[in-house]
Amino acid sequence: IEVRSADLQPDSWNFAVPSFWTGILYDGDALGAALEATSAFDSPTAWREALVEGARHGLAGRLGRLDLGELALRMLRAAAQGLDRGAGGTDAAPGLRALESLASRQGLTL
């Protein structure tokens, strides 16, 4: 699996994306939750629609009945829980704080 990182992020976010993926990919329960949360995107057409909606409206976007902000929170929760259960060791969890802070500024809470 190739996982790419976000480009041009602030220095304080350097570990946010790797921490997110560590929490998701190294914990079976978190991975299951992520797969369930993204099951609406089971076709290339659905993925393309989600990408366009996200590009146009960000976390306020919607894809049918699916709220992209809520989906982002579900994914953050799954990653945080995976890290809490030990995926990535104890040094990985602080990396998610930057993403939690961004969500909070958008009015979204974990």
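**Notes on helix packing, pocket and confidence**

1. Gly23, Ile24 and Leu25 of α1 meet Ala30, Leu31 and Ala34 of α2, where contact means heavy atoms within 4.5 Å. Helices (H or I, at least four residues) are DSSP runs, numbered from the N terminus. The residues of this contact of α1 with α2 are 5 nonpolar, 1 polar and no charged; Ala, Val, Leu, Ile, Met, Phe, Trp, Tyr, Cys and Pro count as nonpolar, Asp, Glu, Lys and Arg as charged, and the others, Gly among them, as polar.

2. This is a predicted model, in which local features need pLDDT of at least 70 and side-chain atom pairs count only at pLDDT 80 or more, while totals for chains, interfaces and linings use all residues. Residues are numbered from 1 along each chain as its sequence is written, and side-chain values use heavy atoms, with hydrogens and water left out.

3. The axes of α1 and α2 cross at roughly 100° and come within 6 Å; axes are lines fitted to C-alpha atoms, for helices over the stretch in contact, and angles run from 0 to 180 degrees between N-to-C directions. The two helices α1 and α2 are therefore roughly perpendicular (65 to 115 degrees).

4. α1 also packs on α4, at an angle of about 75° and with the axes 7 Å apart. α1 and α4 are therefore roughly perpendicular too. On the α1 side the contact includes Phe20 and Ile24, and on the α4 side Met75 and Leu83. Its residues divide into 7 nonpolar, 4 polar and no charged.

5. Between α2 (residues 28-37) and α4 (residues 68-84) the angle is about 170° and the axes are 8 Å apart. This pair is therefore roughly antiparallel (over 145 degrees). Glu36 of α2 and Arg74 of α4 are among the residues that meet; the contact has 7 nonpolar, 1 polar and 2 charged residues.

6. Which residues lie nearest the centre of the largest pocket? They are Phe20, Leu59, Leu68, Ala72 and Met75, out of 26 lining residues. α4 gives the most to the lining, with 6 residues. The lining comprises 21 nonpolar, 4 polar and 1 charged.

7. The mean pLDDT (the predictor's confidence in each residue, from 0 to 100) is 82, and 84% of residues reach 70 or more. Where pLDDT is low, the predicted coordinates should not be read in detail.

Key
Angles under 35 degrees count as roughly parallel, over 145 as roughly antiparallel, 65 to 115 as roughly perpendicular and the rest as oblique. On a 1 Å grid over the protein atoms alone, a cavity is a set of points where a 1.4 Å probe fits but cannot get out, and a pocket is an open set with protein on both sides within 12 Å along at least five of seven lines; lining residues have an atom within 4 Å of a point.
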